[in-house]
Amino acid sequence: MARKQTPKPPSKTSVVNLDGQDHRFELLAPLSDAAPLVADVTPQVITAAKVSAIARYDWKNRGVACIGYTEGMAVAYASAYARLQAHDPVADRMARALEPAFHSHGHLKGDALSWYSDQLRAIGMGTATAVERLRALFVLLLGLGMRESSGRCCEGRDRSANNRAANTAEAGLFQMSFDLVAPRAELLDVFHHYQDHPGEGLREIFEVDMRPRENDRDRENFGDPASPGFAFQKLSKECPAMVVEIAALGLREEAGHWGPIINRAAEVRSASKELMLAVERIVDAPAIAAAGPAARALGAGATVSRADLARRFSAPVRLATLLPINNGLSSAKEETMISLLGSPHMPLTTVGQNERASDLVKRNVVLERMSPLFRLTGIKPAIDDVKAVLAKAFAKEPDLANVLSTEGMLSVRMRKPTNGSVSTHISNHAWGTAVDFKVVGFDAPANTGGSVPAFIALLIPLFNKAGWYSGVGFRDTMHFEVSEERVREWAKKKVLK
Ligand SMILES: [Zn+2]
């Protein structure tokens, strides 16, 4: 998607992946396109923020926030929440499983959510699920931004501190400097995205009623004007949405970057939690006016919530009613995949490392939109198949397009055996020829026994007809993959370069 659309000048900072190798090759992960949905609900989210208790709260030593700050943070949360529903990799990373917080050589390291777990629990916030973690993260961000900048998005560097170099001068809502971003590929990615799309920064929302107004001091940036650190300072003030994303990601791995986190001076408030919950309800229940039959059946102007649709498509359907399944098809064998599509660069783990994809996969990989809600990354012939299958599914059930989402397609990794045994086989996701589905608001269905959710029941015959094998054959309900037969057909027709 847009994140790497335009070529970037090579960064001066070398980015090294977890294996200590240069991050030269990067495959795009599936990235949702939640922007249209968020744009739809933004007026409602702003209203919810305006009337929220936290908008009137007297923050310790900071006072009441300007209304633009509370509204902007609510809209930024709506975006993150919608993107989490659509399995966007940035949102997934914000909401990933808890990691420890610890001290090393006197410095706080690790995950701010762990560091704040007692304070979060005190206001009734858990961190067991991805949504709970994302919600807690934004509750913490709301308090941190008040502490660091009093919610002034144009805030420049702290004049009482000595950090005046391009890479150390702090800027924006969370007073971050480029030296936090430069060594981290996932943070640089966000920075580059907003360099290409400064108009997505939500500045016009954040600066409403900002006090004091922006002045010349705020506009000043430090260091070499040609340096990325200088550009980062400038953009941090122009694009508050960018610094929210970067701070959200940064808090999960580098809690010690912020003094008010170290000494727990960033306030987490129950009223902040209430605002985030209100935002979630708005995103979950947008008006899908006359979008499909379910909406039309209720008459003109009727609306059906996305949550209702998702529930309908999650209703169980007996597998026995769908037989035969995978008739004449078999799961693609590892040796076939390696001989026809090349071997990934071993060794792999059970965590996706797409830079290790086989050379043939790298040559054939594409990223394409599948519905208003999501895009997929896979090899071209597989993407073409999935697109054709989904077009048929959406023609049959137009409402499905409003709730269908993905758990990912290309992911270069080993299989994850559900019985806890050691993984010895390469996942077919490693070639971008398998895809996992879910509906928004529900976990992706794993082993669902003798029945499957209605949306999977709809997809099974359509995928089978296209020569794709359903994962119910090995108790992985969400999963569909190119069959042994189909991949041999591709090889015969030489569709892969
Ligand atoms: Zn799968």
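Reply: Helix α17 passes helix α21 in a left-handed crossing, left-handed being the case where the near helix is turned anticlockwise from the far one by less than a right angle, and right-handed the clockwise one. The model is a predicted one, in which local features need pLDDT of at least 70 and side-chain atom pairs count only at pLDDT 80 or more, while totals for chains, interfaces and linings use all residues. Residues are numbered from 1 along each chain as its sequence is written.

Helix α17 covers residues 334–341 and helix α21 residues 484–493, and the two pack at an angle of about 20 degrees with their axes 11 Å apart. At that angle α17 is roughly parallel to α21 (under 35 degrees is roughly parallel, over 145 roughly antiparallel, 65 to 115 roughly perpendicular, and the rest oblique). The axes are lines fitted to C-alpha atoms, for helices over the stretch in contact, with angles from 0 to 180 degrees between N-to-C directions. On the α17 side the contact is made by Thr336, Met337 and Leu340, and on the α21 side by Glu484, Val487 and Ala491, contact requiring C-beta atoms, placed from the backbone, within 7 Å. Sorted by class, these residues comprise 4 nonpolar, 1 polar and 1 charged (nonpolar: Ala, Val, Leu, Ile, Met, Phe, Trp, Tyr, Cys and Pro; charged: Asp, Glu, Lys and Arg; polar: the others, Gly among them).

Lys494 counts as exposed because 7 other C-beta atoms lie within 10 Å (12 or fewer is exposed, 20 or more buried, and in between partly exposed, with C-beta atoms placed from the backbone).

Helix α6 (residues 130–149) and helix α14 (residues 270–284) have axes that come within 9 Å and cross at roughly 125 degrees. Helix α6 is therefore oblique to α14, and the crossing of this pair is right-handed. Arg135, Phe138, Val139, Leu142 and Gly143 of α6 meet Ser272, Lys273 and Met276 of α14 there, a set that divides into 4 nonpolar, 2 polar and 2 charged residues. The loop between α13 (259–262) and α14 holds Arg264, where phi is again positive, near 55 degrees, in a residue other than glycine. Arg264 counts as partly exposed because it has 14 C-beta neighbours inside 10 Å.

Turning to burial, helix α2 (residues 67–85) is mostly covered, 18 of its 19 residues being buried. Its end C-alpha atoms are 27 Å apart, which agrees with the 27 Å that its 19 residues should span at 1.5 Å a residue, the expected span being 1.5 Å times one less than the number of residues. After α2 comes His87, with a positive phi near 60 degrees. Helix α8 (residues 185–196) has 12 residues and reaches 16 Å from its first C-alpha to its last, close to the expected 16 Å. The buried residues of α8 are Leu187, Leu188, Asp189, Val190, Phe191, His193 and Tyr194, and what covers them includes α3 (89–94), α7 (178–181), α11 (228–238) and α12 (240–253).

A cis peptide bond joins Arg211 and Pro212, with omega about -15 degrees, and Pro212 lies in the loop between α9 (203–206) and α10 (216–219). Arg311, within helix α16 (residues 306–314), counts as partly exposed because it has 15 C-beta neighbours inside 10 Å. Although Arg311 and Gly441 are 130 residues apart in sequence, their C-alpha atoms are 8.8 Å apart in space.

For the chain as a whole, there are 21 helices and 12 strands, taken as DSSP runs numbered from the N terminus (H or I over at least four residues for helices, E over at least two for strands). Of the 497 residues, 46% are buried, and among contacts between residues at least 6 apart in sequence, 71% join residues at least 24 apart.

Technical notes: Contact = placed C-beta atoms within 7 Å.
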